[in-house]
Amino acid sequence: MASGYRRGVSADPQRAVEVRRSARRRRTVSAYREGDRTVVLIPARMSEAEERRWVGVMLDKLAAQESKRTLGDAELAERAVRLSEQYFDARARPRSVRWVTNQNTRWGSCTPAEGSIRLSHRIQGMPEYVVDYVLLHELAHLLVPGHGPRFWELLEAYPRTERARGYLEGVVAAERLPKVPTAREE
């Protein structure tokens, strides 16, 4: 039974949720990602209200696990290739993709002449769709150097562009907020 569960910010509205009930399963609930959907395994006797609650719990757990997972440079390069294939018909071909620690005012950068892409370590641990957006943004620069209409046209192919941009804008806004002293600091 596929459903579009939405609970908190961790449930990704782009990802379908499939609930599989099992008569053999007595008490345990588990979940995993399968392509573009999340599969939640629950006992058959569970009520609809319990199902909704457990789906929310499991979506939150998966999101927390995924946000802690960081990609190495090799995985980042593989991801860039997959994203280029999926959104740009494999036309963007970076020669190198890596994390860097010297970008504190940019999320990423690209040198089209060298085919190199660098992503700021600050986005490690951000949601996957945000990392994918930054990677796609830099991949698009391999095809279109500036930020003109053709560049933004390319990024329209990614369905989470606006959401990722909003997330990054929120991070920047939060960094600019005055620091409120905690009880220990006062």
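Is Y167 buried, partly exposed or exposed? In this predicted model, Y167 is partly exposed, with a relative accessible area of 31%. That value lies between the 20% limit for buried residues and the 50% limit for exposed ones.

The chain contains 5 helices and 7 strands. Their order along the sequence is β-β-β-β-α-α-β-β-β-α-α-α. The chain has 186 residues, and 39% of them are buried. Among contacts with a separation of 6 or more, 44% join residues 24 or more positions apart.

Strand β4 spans residues 37-43. It is mostly covered, with 6 of its 7 residues buried. Two strands pair with β4. Strand β2 (residues 16-22) runs parallel to β4, and 7 bridges connect them. Strand β3 (residues 30-34) is antiparallel to β4, with 5 bridges. V40 of β4 has a partner in each pairing: V19 is bridged to V40, and A31 stands opposite V40 as well. Strands β3 and β4 form a hairpin with 2 residues between them. In this hairpin, G35 adopts a positive phi near 65°.

Helix α2 covers residues 73-88, 16 residues in total. Its first and last C-alpha atoms are 21 Å apart, close to the 22 Å expected at 1.5 Å a residue. The buried residues of α2 are L76, R79, A80, L83, S84, Y87 and F88. They lie on the same side of α2, because they cover an arc of only 140° around the axis. The spacing follows from helix geometry: with 3.6 residues a turn, residues three or four places apart point the same way. Just after α2, D89 has a positive phi of about 50°.

T161, A164, L168 and V171 are buried in α5. These residues fall within an arc of 95° when viewed down the axis, so they line one face of the helix. The cover over them includes α3 and α4. On the other side of α5, E162, E169 and R176 are exposed.

In one of them, the ring centres of Y87 and Y158 are 5.3 Å apart and the planes meet at 90°, so the pair is edge-to-face.

Another pair consists of Y129 and Y167. Their ring centres are 6.3 Å apart and their planes lie at 80°, so this pair is also edge-to-face. It too links distant parts of the chain, with Y129 in helix α3 and Y167 in helix α5, 38 residues apart. The two tyrosines fall in separate accessibility classes. Y129 counts as buried at 11% relative accessibility, whereas Y167 is partly exposed at 31%.

Y129 has a further neighbour. R163 lies over the face of Y129, at 4.3 Å from the ring centre. The charged end of R122 sits over the ring of W107, 4.3 Å from its centre.

Notes
Residues are numbered from 1 along each chain as its sequence is written. This is a predicted model: local features need pLDDT of at least 70, side-chain atom pairs count only at pLDDT 80 or more; totals for chains, interfaces and linings use all residues. Side-chain values use heavy atoms; hydrogens and water are left out. Helices (H or I, at least four residues) and strands (E, at least two) are DSSP runs, numbered from the N terminus. The expected span of a helix is 1.5 Å times one less than its number of residues. Buried means under 20% relative accessible area, exposed over 50%, partly exposed in between (1.4 Å probe, protein chains only). The arc is that of the directions from the helix axis to the C-beta atoms. Rings of Phe, Tyr and Trp (its six-membered ring) pair if their centres lie within 6.5 Å; planes under 30 degrees apart count as stacked, over 60 as edge-to-face and the rest as tilted. A charge sits over a ring if NZ of Lys or CZ of Arg is within 6 Å of the ring centre and within 35 degrees of the ring normal. Two strands pair if DSSP finds at least two bridges between them. Contact means heavy atoms within 4.5 Å.
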